[in-house]
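Me: I am new to reading protein structures. Could you walk me through this one with some questions and answers?

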Amino acid sequence: MSSAPTNPWGRVDDEGNVYVRTAEGERLIGQWPGGDPAEAMSLYVRRFEGLEVEVDLLEKRLEGGALSPDDAGKVMTKVRAQITDAQALGDLDSLLTRLDALQPTIDKHREQRKVERAAKVADAQFEKARIAELAEKIATGTDWKAGADKLRALLDEWKALPRLSKSADDELWHRFSTARTAYTRRRKSHFSEQSTLRDAAKVIKEKLIVEAEALSTSTEWGPTAGKYRDLMTEWKKAGSAPRNVEDKLWKRFRSAQDAFFEARDEANKLLDAEYEVNAEKKLEILAEAEKLLPITNADVARKAWLDIADRWEEAGKVPRAKMGDFEARIRKIEQAVRDANETKWKKTDPEKSARADDMIGKLQRAIDDVAEKITAAESKGDAKKVKDLQAELASKQAFLEMAQKAQADFS
């Protein structure tokens with residue numbers, strides 16, 4: 001009688017042959033000649049336990065979603081082959097049954113993956129259509145900086161999306177790619193035109209700089225300031241030069257302007273200092289003139305005013321900061337004298353018309369004399385003298401108009 005150990009799923013015979021029992025019958029799985037049958041059986045049981053661990057692991061990974069349906073199917077096929085021809089001792093049929101039980105789960109997961117894939121493809125198709133539409137809108141715009149950035153971002157979005165069917169993917173990609181190409185060409189064309197315009201602006205601005213630098217030492221303050229204003233207008237009209245030279249060109253242009261206007265300001269300061277003496281004289285004249293108000297005797301006021309007006313003009317210019325106030329005060333007195341004389345003349349007996357005629361004659365001769373002086377000063381190019389004489393002429397013409405009006409009242 002054999003003393004070999006027993007196992008419900010196999011045996012070891014007296015010759016050391018190891019058999020396993022399956023639903024298909026007994027199958028030889030190995031030999032253990034001359035060895036301890038118990039050790040042989042233990043070895044083949046351990047092999048079965050290893051297969052059992054493989055099945056347990058497959059079940060857990062499939063349940064936990066760690067394996068895709070396709071990967072699970074591959075693992076299951078591999079494990080099934082190992083069990084079918086296994087040199088192991090145990091309930092191999094139960095392991096195969098457990099593998100069979102996993103197939104519905106794999107099929108279910110495969111169907112879920114299919115549905116999820118279809119949903120992702122649908123979402124991807126929607127997103128790719130949206131990307132293509134946005135790209136087409138950008139392609140028709142003129143936002144050359146932000147547009148390029150947006151198209152790069154859209155390309156990254158596109159790459160992150162799953163592929164569609166070849167026909168659908170190709171169609172949408174063609175729209176997207178065509179829009180990008182159109183935008184890129186228009187953008188290059190734009191910057192090419194801008195480059196041409198900037199080069200032209202550079203040439204214009206260099207010429208303007210030459211003119212500005214030539215004027216920087218001029219002492220004809222008024223006319224030259226006007227020329228600088230014209231040059232500035234031309235500078236703005238020229239547009240921008242290339243970025244690497246625009247700032248340099250502007251600094252040269254501005255430097256020439258600054259040199260002129262600083263010199264003008266300095267000259268004006270010197271003139272203002274000289275004119276302060278005139279201002280003191282005119283303050284004294286103003287104080288005297290303002291004592292005429294209110295006017296109670298038109299004849300006395302008129303005679304006094306004629307003297308004051310002459311001295312006022314002879315006193316010369318005052319600093320610009322004081323000019324407005326001084327002129328306003330003296331013109332107020334002048335107007336008061338005119339008004340008083342006009343009122344008086346309206347009330348004067350017609351016999352006094354001869355006096356008005358005499359006044360008109362004197363004023364006309366004085367005006368003619370000043371006009372001759374202006375002509376002479378203009379021929380000499382003495383702009384300051386011309387300006388002073390023109391002011392004197394305007395004052396005398398105003399008195400002439402007043403005298404002529406009085407004469408008309410007497411006639």
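**A walk through the model**

Me: Which residue's side chain makes a polar contact with the side chain of E246?
Reply: Look at the side chain of E246, where a polar contact of 2.9 Å is made. A polar contact here is a pair of N or O atoms within 3.5 Å; within protein, one must be able to donate a hydrogen and the other to accept it, and residues adjacent in sequence count only if both atoms are side-chain atoms. The partner side chain belongs to K205.

Me: Before we go on, what kind of model is this, and how are residues numbered?
Reply: Residues are numbered from 1 along each chain as its sequence is written, and side-chain values use heavy atoms, with hydrogens and water left out. Local features need pLDDT of at least 70, side-chain atom pairs count only at pLDDT 80 or more, and totals for chains, interfaces and linings use all residues, since the model is predicted.

Me: Is E246 buried or exposed?
Reply: E246 sits in helix α7, which covers residues 243-290. Buried means under 20% relative accessible area, exposed over 50%, and partly exposed in between (1.4 Å probe, protein chains only). E246 has 17% relative accessibility, so the residue counts as buried.

Me: How many helices and strands does the protein chain have?
Reply: Helices (H or I, at least four residues) and strands (E, at least two) are DSSP runs, numbered from the N terminus. Read from the N terminus, the elements run β-β-β-α-α-α-α-α-α-α-α-α-α-α. The count is eleven helices and three strands.

Me: What radius of gyration does the protein chain have?
Reply: This value is taken over C-alpha atoms, and the globule rule is 2.2 Å times the number of residues to the power 0.38. For 411 residues, a compact globule would come out near 22 Å. The C-alpha trace spans about 180 × 45 × 45 Å along its principal axes. The radius of gyration of the protein chain is 56 Å.

Me: How far apart are the C-alpha atoms of R302 and R338?
Reply: R302 is part of helix α8 and counts as buried, at 12% relative accessibility. Leaving aside neighbours within four places in sequence, R302 is in contact with V337, N341, W345 and M359. R302 and R338 are 36 residues apart along the chain, and their C-alpha atoms are separated by 8.0 Å.

Me: And what separates the C-alpha atoms of K236 and R311?
Reply: K236 is in helix α6, residues 221-238, and is exposed at 65% relative accessible area. Along the chain, K236 and R311 are 75 residues apart. Their C-alpha atoms are separated by 47 Å.

Methods: Contact means heavy atoms within 4.5 Å.
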